[in-house]
Amino acid sequence: MANMIMFCILAVLILGSAVMCVVTTRIMRAATFMLFVLLGVAGLYFLLDYTYLGAAQVAVYAGGVTMIYVFAIQLVSKRTLQGTIERIKTSRMIWGGLLSVVSCAVVILVLLKNKFMYNAMAVADVELPMKQIGNAMVGADKYQYVLPFEFISLFLLACIIGGLVISRKEERE
């Protein structure tokens with residue numbers, strides 16, 4: 001019962017923060033709401049007793065990625081951000097809603113056609129040991145994720161260096 005209550009609290013936190021992240025007009029508030037979404041997802045991992053994934057979520061996404069977004073926002077000059085107020089157009093809202101409905105329908109059709117849900121329910125009783133998940137996350141063999149993780153870290157480092165170079169060029173002018 002306590003797990004269900006915590007799940008409901010985390011679900012409300014995640015959904016509310018996600019909506020506020022999209023709806024707010026201030027970019028720093030959007031980054032803060034995104035941080036709450038990522039922390040809520042980490043809370044779901046902890047609720048499922050996947051402490052390794054929860055800690056990775058907090059360290060990599062909530063900590064690292066959100067800080068990169070905040071630094072990128074801070075590097076952009078105020079002159080650039082001043083003219084970025086966009087008016088909401090009805091045609092854009094209609095096309096966006098239509099695209100969302102079509103995308104959702106395609107995902108549902110793919111799930112039903114390939115019977116992912118039935119396979120997931122059949123395997124739901126089998127629980128993977130945490131050691132196997134940890135080995136898959138940091139292993140270097142086939143179907144393991146240390147190499148993509150390293151590529152992403154190098155890419156993020158290149159983005160940080162590029163942001164610093166761009167900010168230094170503005171200072172010289």
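Buried means under 20% relative accessible area, exposed means over 50%, and partly exposed covers what lies in between, with a 1.4 Å probe and protein chains only. By that scale, Phe36 is partly exposed, at a relative accessible area of 35%. This is a predicted model: local features need pLDDT of at least 70, side-chain atom pairs count only at pLDDT 80 or more, and totals for chains, interfaces and linings use all residues. Residues are numbered from 1 along each chain as its sequence is written, and side-chain values use heavy atoms, with hydrogens and water left out.

**Overall chain**

- The chain has eight helices and zero strands; both are DSSP runs numbered from the N terminus (helices H or I, at least four residues; strands E, at least two).
- From the N terminus, the order of elements is α-α-α-α-α-α-α-α.
- Of the 173 residues, 14% count as buried.
- Among contacts with a separation of 6 or more, 54% join residues 24 or more positions apart; contact means heavy atoms within 4.5 Å.

- One aromatic pair turns up in a search of the whole structure.
- The ring centres of Phe33 and Phe36 are 6.5 Å apart and the planes are at 65°, so the pair is edge-to-face.
- The criteria cover rings of Phe, Tyr and Trp (its six-membered ring) with centres within 6.5 Å; planes under 30 degrees apart are stacked, over 60 edge-to-face, and the rest tilted.
- Phe33 and Phe36 sit three residues apart in helix H2 (residues 27-47), a separation of about one helical turn.

**Ser17 in H1**

- Ser17 belongs to helix H1 (residues 2-23).
- Ser17 is buried, with a relative accessible area of 6%.
- Leaving out residues up to four places away in sequence, Ser17 touches Phe33, Phe36 and Val37.
- The Ser17 side chain also reaches the backbone oxygen of Leu13 at 2.9 Å.

**H3 against H7**

- Helices H3 (residues 51-75) and H7 (residues 130-138) pack at about 35°, with axes 9 Å apart.
- Thr51, Tyr52 and Leu53 of H3 meet Met130, Ile133, Gly134, Met137 and Val138 of H7.
- That contact has six nonpolar, two polar and no charged residues.
- Axes are lines fitted to C-alpha atoms, for helices over the stretch in contact; angles run from 0 to 180 degrees between N-to-C directions.
- Nonpolar covers Ala, Val, Leu, Ile, Met, Phe, Trp, Tyr, Cys and Pro; charged covers Asp, Glu, Lys and Arg; the others, Gly among them, are polar.

How values were computed
A polar contact is a pair of N or O atoms within 3.5 Å; within protein, one must be able to donate a hydrogen and the other to accept it, and residues adjacent in sequence count only if both atoms are side-chain atoms.
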